[in-house]
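Please look over the complex shown below before reading on. The report takes up one chain at a time, together with the confidence that the predictor assigns.

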Amino acid sequence: MRLILLALLALVFPAMAQEDMAAKVWLDKMSQALKEKEFKASIIQLQADHIRPLVYLHGKVNNQEVAFLEYLNGPPKNAVRVGNRVTFIEHDEPAYSIVSDHIQGVWPAAFSANMADLEIGYQFVLGGRSRIAGRPGQMIRLLPNDEFRYGFQVWIDMETYLPLRYDMLTQDKQLLEQIMVIELIELSEPPAILLEAYKQEWPAVIDQAERQDGQNWQFSWLPAGFIVVVRDHHRLIGSHETVEYIALTDGLANISVYVARAGTSKLPEELITRNGLSLVSETVGNAEVVAVGKVPTETLARIAKSLTLK
Amino acid sequence: MDKLGQEWVSATVDGETDAQTMADLAADTHSHDKWHNYHMIGDAMRGELPQNIMLDLSASIAAAIELEPAIVAPKSRASAAPQIAANSEQSRVVPLFKQFGQYAIAATVAMFAIVGVQNYNQTADDAASPSPVLITRPLIGSASPVSLQTGPVQQNQGHSSDQVSEQRHRINTYIQDHMLQQRLNTGAVVEDNNDVVPVPN
């Protein structure tokens, strides 16, 4: 009888603990699960009128994280991550590797990083529960603390703590982007393809040392939580224009700020693509400041205006 | 008459009768047995006999209906349960499809939400924005033709085509560069995946 009671307690307590878990704890568990678990997830990504199916595999080989991402439609596009190196394999380009601890294109990198970094810009709020990919999911809202960024909501699998769905929403709750798992399989050992990927010779990391320091541009204003990540000058792809470049992020939203000589054709002052990417241009003397990112255009405009050369 | 009646029955089994004949046959109980037998013979010849031959199915159904209590709906549900247990392979299909229906609706709602965003942006741009707003065709797609990975942008007309294409090209470059930087900014957070490639320098 005592044994039965103990067994009952053992069963009930974790369930109760889950009831009481704060939003932050859920997110921390998700972050950990994304790094630790071995799983295969079939995912669809919705952006404006585009739907992209993809498959993401993650596992650990010799204590190193190995992950594989494959786009299922269109020309083959894959990415492989072994430890801190990510290699992109695309149909029309020789494969190349970069140093990164995250394959870009699925979950935001912040999801597998330290969630506390997001707390300046966002508030974590526990939402309802619903079923996604046949699994019960707990929804967590990441509400922006100000009007300078978009909001997010994420559904976390109650069993594995892996993310099941992720929405990006405008201030008036319009959906900009959605990533949704349609099938999630937890694995007990790394799948063969990851073992293969671990053994494979991948191209050497492309030299990032070419990045020269940019000039000392300063922002007189940035939304709370945004920090400068990269500063350099480089040439834009597909053109010979040299630009000063500054990358900003608050953990979830990323902004690129470019300073270039004003071109012959003026860029539009404001532009929103349908997947939520905004572009703002601002002419300062004979220079043109261009800001790009998935944030409201007002934010970009204010950031562009606040740029000064020290 | 009897001989003729048998021919009717035979013709009906083969589906070669009209409504009038059917009505006549329905009144003729003697032919019912014949009908049954012909069907049985036909099935046997085609090798379609079930494993357990219920010789008088209609009679057993009638008996079952007799036994059915007046309130049908709850009973039918309760009696369905043992059937599911006995015959789970097939019966599981039904609830599964019901759920599919629900998710299909959810998916449609999601799609509408997105269409909503587009329309919203368009009208907002058209109505309120004094600035030269953009774009007629898939913008990024023009730079990388086979792109399934990019979202188009909106634009108003009103520029000469040269200017527009030059402008579009420049917007393209910036957006592509932004996407690429997301990939390259290691240690930074990277987000969108796009058809962008690294530049040699």
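## Chain B and its confidence

Chain B contains nine helices and zero strands, so that, DSSP runs being the basis of the count, its elements read α-α-α-α-α-α-α-α-α from the N terminus on. The model is a predicted one, and the predictor gives the complex an ipTM of 0.84 together with a pTM of 0.62. For chain B the average pLDDT is 55, and 29% of the residues score at least 70.

Among the elements of chain B, the highest mean pLDDT, 81, belongs to helix 9 (residues 161-184) of chain B, while the lowest, 37, belongs to helix 8 (residues 139-143) of chain B.

| Stretch of chain B | pLDDT | Contacts beyond four places in sequence |
|---|---|---|
| residues 71-158 | under 50 | 94 contacts |
| residues 187-201 | under 50 | 47 contacts |

Of the 201 residues in chain B, 21% are buried.

In chain A, 11 strands make up an open sheet with antiparallel pairing, and their order is 6-5-4-3-2-1-11-10-9-8-7. Strand 6 (93-99) and strand 7 (122-132) of chain A stand at the edges, and because each has a single partner strand, one side of each is left without a neighbour in the sheet. On average, and with direction ignored, neighbouring strands of this sheet are turned by 15° against each other.

One of the pairings within chain A joins strand 2 (residues 50-61) to strand 3 (residues 64-71), which run in the antiparallel sense over eight bridges. A:Tyr56 has A:Leu69, in strand 3 of chain A, as its bridge partner.

## The nonpolar core

Which residues have the most contacts inside the largest nonpolar core? They are A:Met30, A:Val257, A:Val290 and A:Ala291, in a core of 87 residues. Helix 2 (residues 23-36) of chain A supplies the largest share of this core, namely six residues.

The surroundings of A:Ala291 can be listed in more detail: leaving aside residues up to four places away in sequence, A:Ala291 touches A:Ile255, A:Val257, A:Val280, A:Leu300, A:Ile303 and A:Ala304. A:Val257, one of the residues touched by A:Ala291, is also among those with the most contacts inside the core.

How values were computed. Residues numbered from 1 in each chain as written. Chains lettered and ligands numbered in written order. Predicted model: local features only at pLDDT ≥ 70, side-chain atom pairs only at ≥ 80, totals over all residues. Core = buried A, V, L, I, M, F, W, Y, C linked by C-beta atoms within 7 Å. Buried ≥ 20, exposed ≤ 12 C-beta atoms within 10 Å, placed from the backbone. Helix = DSSP H or I, 4+ residues; strand = E, 2+ residues; numbered from the N terminus. Contact = placed C-beta atoms within 7 Å. pLDDT = per-residue confidence, 0-100. Pairing = 2+ DSSP bridges. Axes fitted to C-alpha atoms, helices over the stretch in contact; angles between N-to-C directions.
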